[in-house]
Amino acid sequence: MAFLKISNVELKGVAACVPPYIDENINYPIPEEDIKKLISSVGIERKRVADEDVCTSDLCFKASEALLADLNWAKEDVDCLIFVTQTPDYPIPATSCILQDRLGLKEECYTLDISLGCSGYVYGMSLISSLLSGGFMKKGLLLVGDTSSKTASKEDKSTWPLFGDAGTATAFEFNPDAEAICFHLATDGSGKDAIIIKDGGYRHMVSDESFEVKNHGDGINRSDVNLVLDGMDVFSFAVSKAPQTINLLCENFDLDKDNVDYFVFHQANLFLNETIRRKMKIDKAKVPYSLKNFGNTSSSSIPLTMVTEIREALINGQLNLIGCGFGVGLSWGSVSFTTKNIACPELVIY
């Protein structure tokens with residue numbers, strides 16, 4: 001089991017940015033009765049969709065600017081920037097390098113891209129906190145997001161109504177007096193086919209055939225450059241592994257779940273998430289949801305939910321939080337962390 005306990009690092013602020021365009025699921029072109037059933041099940045009434053010329057990095061850039069201004073951090077003091085996404089600007093170079101330049105950070109800034117989806121925020125937290133814990137680096141930015149609408153087929157009812165676009169920024173700082181951040185992290189690559197884009201990498205490079213739209217069942221038409229989601233496999237995986245990782249985290253670090261103010265889950269879909277919540281016997285008031293208005297925003301769903309659903313509590317008090325991400329990889333993990341009067345700008349629209 002992969003457990004980490006990282007000291008000397010404090011979460012100082014979080015910000016999120018979404019595109020202005022709102023796509024209402026009730027308008028999705030399938031029979032009205034079917035779309036109403038789908039909305040009721042997944043709990044996603046609408047989501048934000050980025051324009052063709054807006055990338056994940058643009059949304060993270062805007063979130064970063066808002067957060068840096070709120071924190072009053074000098075850009076030359078940022079020592080590291082981690083960018084987590086599965087929708088980068090280019091195959092090469094790394095988008096984190098581009099963001100270092102756009103944000104005006106110093107050349108001595110450590111930058112790195114991580115290709116992870118639904119678990120990406122938890123994994124990103126584990127990496128940036130590890131970098132800062134020694135005290136050689138003092139301040140860091142974790143930029144996490146996806147523009148998953150660019151990968152889903154509009155003719156695929158199993159994906160298009162689910163995924164929204166968002167970018168986030170989270171600030172961390174070295175602090176010897178900070179409470180430890182605790183992690184449990186896990187992976188099962190044998191489940192890679194449950195959520196996959198088959199063509200476009202170097203295992204299956206893009207060809208003319210990659211763009212041919214094929215029928216895969218009623219209301220499911222997509223090409224091999226579009227996202228594939230096996231809902232049943234993902235459901236079985238998530239309802240097993242999400243409770244398991246949280247329980248292992250709490251057992252290993254002697255954490256009392258009753259002392260947790262909020263459990264911030266990856267926003268997969270309402271039926272799945274509520275199954276997890278009920279299985280764990282967690283009070284509904286402790287599990288905030290952003291998916292009604294923003295959908296499944298992949299790696300950004302945990303920080304986006306923090307900004308949109310518990311912002312006032314983050315700004316005005318101390319919170320004990322557990323975050324849990326699970327999905328594409330298959331990859332999953334949980335994190336226990338504390339916040340105290342952190343910076344949390346209002347949701348940025350770009």
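# Briefing: an exposed alanine, a helix crossing and aromatic pairs

Alanine 285 has a relative accessibility of 59% and therefore counts as exposed, since the cut-off for that class is over 50%. The model described here is a predicted one.

**Alanine 285**

- Alanine 285 is found in the loop that runs between helix H6 and helix H7 (291-294).
- Between the C-alpha atoms of alanine 285 and glycine 217 there is a separation of 38 Å, and the two residues are 68 residues apart along the chain.

**Helices H2 and H3**

- Helix H2 covers residues 56-71 and helix H3 covers residues 95-102; their axes come within 11 Å and cross at roughly 40°.
- The crossing in which H2 passes H3 is right-handed.
- On the H2 side, the residues that meet H3 are Ser57, Asp58 and Phe61; on the H3 side, they are Thr95, Leu99 and Arg102.

**Aromatic pairs**

- The structure contains three aromatic pairs, among them the two described in the following points.
- Phenylalanine 235 and phenylalanine 271 form a stacked pair, because their ring planes lie at 15° with the ring centres 5.6 Å apart; planes under 30 degrees apart count as stacked.
- Phenylalanine 235 belongs to helix H5 (residues 231-252) and phenylalanine 271 to helix H6 (residues 270-280), so this pair ties together parts that are 36 residues apart in sequence.
- Phenylalanine 235 is partly exposed, with a relative accessible area of 24%, and phenylalanine 271 is also partly exposed, with a value of 45%.
- The rings of phenylalanine 237 and tryptophan 332 have centres 5.4 Å apart and planes at 70°, so that pair is edge-to-face; the cut-off for this class is over 60 degrees.
- Distant parts of the chain are linked by the pair of phenylalanine 237, in helix H5, and tryptophan 332, in strand S16 (residues 331-340), which are 95 residues apart.
- Phenylalanine 237 and tryptophan 332 are both buried.

Terms used:
Residues numbered from 1 in each chain as written. Predicted model: local features only at pLDDT ≥ 70, side-chain atom pairs only at ≥ 80, totals over all residues. Heavy atoms only, no water. Axes fitted to C-alpha atoms, helices over the stretch in contact; angles between N-to-C directions. Helix = DSSP H or I, 4+ residues; strand = E, 2+ residues; numbered from the N terminus. Left-handed = near helix turned anticlockwise from the far one by under 90°. Contact = heavy atoms within 4.5 Å. Phe/Tyr/Trp six-rings, centres within 6.5 Å; stacked < 30°, edge-to-face > 60°. Buried < 20%, exposed > 50% of the residue type's maximum accessible area, 1.4 Å probe, protein only.
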